[in-house]
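The following note sets out comments on the model under review.

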Amino acid sequence: MKDGARRRRARRLAITGAVVVALAGMNGPWLYRFGTDKYHQYTINKPEYKAANGHWDIIDFPQQYRLNTIHAALLHTGKILLIAGSGNNQDNFDAKKFDTRIWDPVKGTIKKIPTPADLFCTGHTQLANGNLLIAGGTKRYETLKGDVTKAGGLMVVHNENPDKPITLPAGTKFTGKKNGKTFVSKDPVLVPRAKKVFDKATGTFLRNDPGLGRIYVEAHKSGQKYETGTQDNYRIQGLTGTDARNTYGIAQKLALDKKDFQGIRDAYEFDPVAERYIKVDPMNEARWYPTLTTLSDGKVLSLSGLDEIGQLVPGKNEVFDPKTKKWTYTKGIRQFPTYPAISLMQNGKLFYSGSNAGYGPDDVGRDPGVWDLASNKFTKLKGLSDPNMMETSGTVLLPPAQDEKYMVIGGGGVGESKLSSKKTRLIDLKAKNPKFVDGPELEKGTRYPQSSILPDDTVLVSGGSEDYRGRSDSNILQARIYNPTSNTFDRVADPLVGRNYHSGSILLPDGRVVFFGSNSLYADKANTKPATFEQRIEIYTPPYLFHGSQPSLSGGPKTIARGASATFTSQHVTSIKTARLIRPSASTHVTDVDQRSIALDFKKTKSGITVTVPKNRNLVESGWYMLFVTDDQGTPSKAQWVKVP
């Protein structure tokens, strides 16, 4: 343990002891609690305490502007986009009440933004032009077992005609050949034509592989007697002739089981200057809980999610081209659980840490590895501890990004498991044979930990809960700062608000960190009182902002090309020790693959510094960045926004 951590821990113990001794003689539990809280407030507001531990503040949002923030992104205007969509609220969804706000944390202004669709549980990432790409969202809320009145599930429609596709409208009826039960489709479905298969050696025709379409169906009538327990072939009513012979449905169990959320195909760019959503072409697949990841050519990969019938998208990943605004499928098929933590490596391949937000089979796409998208080759990585507890874990690219070292933090068991992990796992992707090793442990098993890269090359790790969605009053009111150089955690001031599911954190241009959201299931230890969504926003001011004035940084160009240099003015040249480009966050569901801090070479001039941007476009993706300098006390400047074309 570092000396600073020892001193802080000793000071906390001394403070606690002093409070107990001073109040023990009062012989009154109310006086004891009041005195303890009063002394605690006095202590955490002392300058020396703030300089060692930082400070937390709850932001006073007017009631009419509060919302259930599920997604948040820092825009290059310095404002923060807060997206609720329907906010995990069925009443809002039914009323088509979808919310977005823009908040200026400097001026304190808040603005309501018209929201075109239910962007609840969407995916998002920063684009090179400064817009935020947003794709997916909610088509239908889940229905729990017991609330489902009509048996239903997945119908796979087969088309054996190699000459033409077929479209079946919503309301199409499917009748089982064995069970005689009728089910009705909820949406239209396009079933592609069959594919002719030939022998490669002789050219002889072998067979037709039917085209497949997937559709959600439910029983024509309510009741348990309409459930099916086994697979059956289904005749499609209304088809005649060759269509009737070539087209049919196959379904497994169609029952009154829980029905999962369903996704949408909608995609938008949010323009931070015009402060409005701009519709672009929809995705080929509907997605709920997708991850969007920038690729080496600047295009964006969209992967995983639940589709329009509530099934995990079957490995059909697709790419958005910001120039054409269109989506195309990738060549290979590869399936992951929802919100997989997948980020671009410096060699152009993709790293999957194993972190994810939940939905998907426990034996599909769970192993971490390196993915070559071009060849669809996936190389598994070894050494991961608690591999069965990767859901709701956090993943962060440790600063500086050039080192290509990642930390995986906490996590829990699949689904609503009570299992949670204290582990942190580290991996050096530049090693000859990369493998995970354990880092310093957390005090408690932690689901939903928030991690934010700081300008001084440390990482703030805060919040989370020991149990699924904070059950049993298990929110963790603790924060730590991780130092990659010493591989140690340093406990800092405790947050005031518990954060678990549907929460996130974002680094601000002034070096502070904002925290949003939290969606506990229950508000009591006995799990009897339903909780309400946490609408309070909290800001953490790290210790480095209590060490004196921030070094100045001003002037310079707004655009710097990769491999180019630019000069900025500073009144504190002699004390500057580091320069960093930090990509702005786009955070949701413990997933923020945009985060990265890139070290810049720099030279001091008489009145400032000249920084040089690395040439590797996989390291420095096109887009807007915050440029920070940090002095010899570890205090960062306020950021200058610069664009890398």
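1. A cavity is taken here as a set of grid points where a 1.4 Å probe fits but cannot get out, whereas a pocket is an open set. The model discussed is a predicted one. By the cavity rule, the count comes to 11 cavities of 30 Å³ or more.

2. The largest cavity has a volume of about 120 Å³. Its lining consists of 13 residues, and those closest to the cavity centre are S343, T395, Y406, D592 and V593. By class, the lining of the largest cavity divides into seven nonpolar, four polar and two charged residues.

3. Which strands each supply at least two residues of the lining of the largest cavity? They are strand 26, at residues 342–344, and strand 30, at residues 394–397. Strand 30 accounts for the largest share of that lining, with three residues.

4. The largest pocket has a volume of about 870 Å³. Its lining is made up of 37 residues, with N88, E142, Y468, R469 and L521 lying nearest the pocket centre. In the lining of the largest pocket, 17 residues are nonpolar, 13 are polar and seven are charged.

5. The record places "Glyoxal oxidase N-terminal" at residues 283–544. That span is 0% helix and 32% strand, and its end C-alpha atoms lie 44 Å apart. The record also places "Galactose oxidase-like Early set" at residues 551–644. Over residues 551–644 the chain is 0% helix and 43% strand, with the end C-alpha atoms 23 Å apart.

6. R499 sits in the loop between strand 37 (488–492) and strand 38 (503–507). Is R499 buried or exposed? R499 counts as buried because its relative accessible area is 3%, which falls under the 20% cut-off. The side chain of R499 reaches the backbone oxygen of R536 at 3.0 Å. With neighbours within four places in sequence left aside, the contacts of R499 include G463, G464, S465 and N475, then F515, F516, G517 and S518, and also E534, R536, I537 and E538.

7. D494 is likewise found in the loop between strand 37 and strand 38. D494 counts as partly exposed because its relative accessibility is 36%, a value between the 20% and 50% cut-offs. The side chains of D494 and R491 are joined by a polar contact of 3.0 Å. Once neighbours within four places in sequence are set aside, D494 is in contact with W56, L477, Q478 and A479. Between D494 and S505, the separation is 11 residues in sequence and 15 Å in space, C-alpha to C-alpha.

8. T541 belongs to strand 40, which covers residues 537–541. What is the relative accessibility of T541? The value is 11%, so T541 counts as buried. Not counting residues up to four places away in sequence, T541 touches G54, H55, D57, R512 and F546.

Notes
Residues are numbered from 1 along each chain as its sequence is written. This is a predicted model: local features need pLDDT of at least 70, side-chain atom pairs count only at pLDDT 80 or more; totals for chains, interfaces and linings use all residues. Side-chain values use heavy atoms; hydrogens and water are left out. On a 1 Å grid over the protein atoms alone, a cavity is a set of points where a 1.4 Å probe fits but cannot get out, and a pocket is an open set with protein on both sides within 12 Å along at least five of seven lines; lining residues have an atom within 4 Å of a point. Grid points are joined across faces, edges and corners, and a volume is the space filled by probe spheres set on the points. Ala, Val, Leu, Ile, Met, Phe, Trp, Tyr, Cys and Pro count as nonpolar, Asp, Glu, Lys and Arg as charged, and the others, Gly among them, as polar. UniProt positions are given in the numbering used here, feature names are shortened, and annotations may be inferred rather than shown by experiment. Helices (H or I, at least four residues) and strands (E, at least two) are DSSP runs, numbered from the N terminus. Buried means under 20% relative accessible area, exposed over 50%, partly exposed in between (1.4 Å probe, protein chains only). A polar contact is a pair of N or O atoms within 3.5 Å; within protein, one must be able to donate a hydrogen and the other to accept it, and residues adjacent in sequence count only if both atoms are side-chain atoms. Contact means heavy atoms within 4.5 Å.
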